[in-house]
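Hi,

Here's the model I promised to pass on.

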Amino acid sequence: MASPEDSEPAQSIFSRLDGWGSSSLPPMGLATLITALHWRPFQALPMLFTPLLVFSSYLSLAGFKTDGAAMTAAWSGMYVLLAARRKPTMLRNKFTLRGAVRGTAMGLGSANFVAGAYTYANGDREAEGDERRERNRWNVYKNE
C-alpha cells in the first residue's frame with residue numbers, strides 16, 4: 001500500500017490543460033484519426049488538416065510550445081467545425097466502427113482546441129526562448 005508521502009500531488013485542471021496543449025502527442029493522434037477516416041475513399045479537404053497538425057506537433061517538439069498550441073487549436077477547431085457539418089443518414093451509422101472513430105476524432109479535436117487555446121492565451125514566449133537557448137538542441141544558438 002502506498003503511503004501519502006509517495007503519491008504525487010494532485011494537479012489542477014489548468015496545469016493539465018497546459019500540459020495537454022503544449023504536448024506534441026494530441027495533434028499527432030488527431031492527424032492519425034483524420035487519416036484513418038478520410039484516406040479511403042480519399043477526401044481532399046479533410047486530408048489537408050493532417051500535414052498542418054503534424055507541423056504543429058513538430059513546433060511543440062522544437063520548443064515553440066505556445067505557437068504549436070495555437071496552431072493545434074486553430075486547425076483542430078476548424079476540423080471539428082468541418083466534421084460537425086456532416087450528418088449520418090441513419091442512426092444506425094453512428095454506431096459503427098467508423099462512427100466511433102469519427103466521434104473520437106471530434107472529441108479529440110475539441111479537447112485540442114480548448115487546451116491549445118488555453119496554452120496559447122497563457123504562454124510565455126520569452127521563457128520559451130530562454131529554454132530553447134539553454135537547451136540548444138540543434139546547435140542553432142552559438143555561444144551567446
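Leaving out neighbours within four places in sequence, D67 is in contact with L59 and R125, where contact means heavy atoms within 4.5 Å. D67 sits in helix α5; helices here are DSSP runs of H or I with at least four residues, strands are E runs of at least two, and both are numbered from the N terminus. D67 counts as partly exposed because its relative accessibility is 26% (buried is under 20% relative accessible area, exposed over 50%, partly exposed in between, with a 1.4 Å probe and protein chains only). The C-alpha atoms of D67 and Y120 are 7.0 Å apart, although 53 residues separate the two along the chain.

Before you go further: this is a predicted model, so local features need pLDDT of at least 70 and side-chain atom pairs count only at pLDDT 80 or more, while totals for chains, interfaces and linings use all residues. Residues are numbered from 1 along each chain as its sequence is written, and side-chain values use heavy atoms, with hydrogens and water left out.

On to the inside. Beyond four places in sequence, L53 touches P27, L30, A31, I34, T72, W75 and S76.

UniProt, in an unreviewed entry, lists residues 44-62 as "transmembrane region"; such annotations may be inferred rather than shown by experiment. In the model that stretch is 89% helix and 0% strand, with its end C-alpha atoms 28 Å apart.

On the surface, F55, Y58, W138 and V140 form a nonpolar patch with about 460 Å² of accessible area together. Patch members have over 30% relative accessible area and no salt bridge (a Lys or Arg side-chain nitrogen within 4 Å of an Asp or Glu carboxyl oxygen); nonpolar side chains are joined within 5 Å, like charges within 9 Å. Areas are Shrake-Rupley with a 1.4 Å probe. V140, in the segment after α7 (125-135), is exposed at 55% relative accessible area.

Most residues other than glycine have a negative phi, and most peptide bonds are trans. N136, also in the segment after α7, has a positive phi of about 45 degrees without being a glycine. R40 and P41 are joined by a cis peptide bond, omega about -5 degrees, and P41 is in the loop between α2 and α3 (44-47).

Cheers
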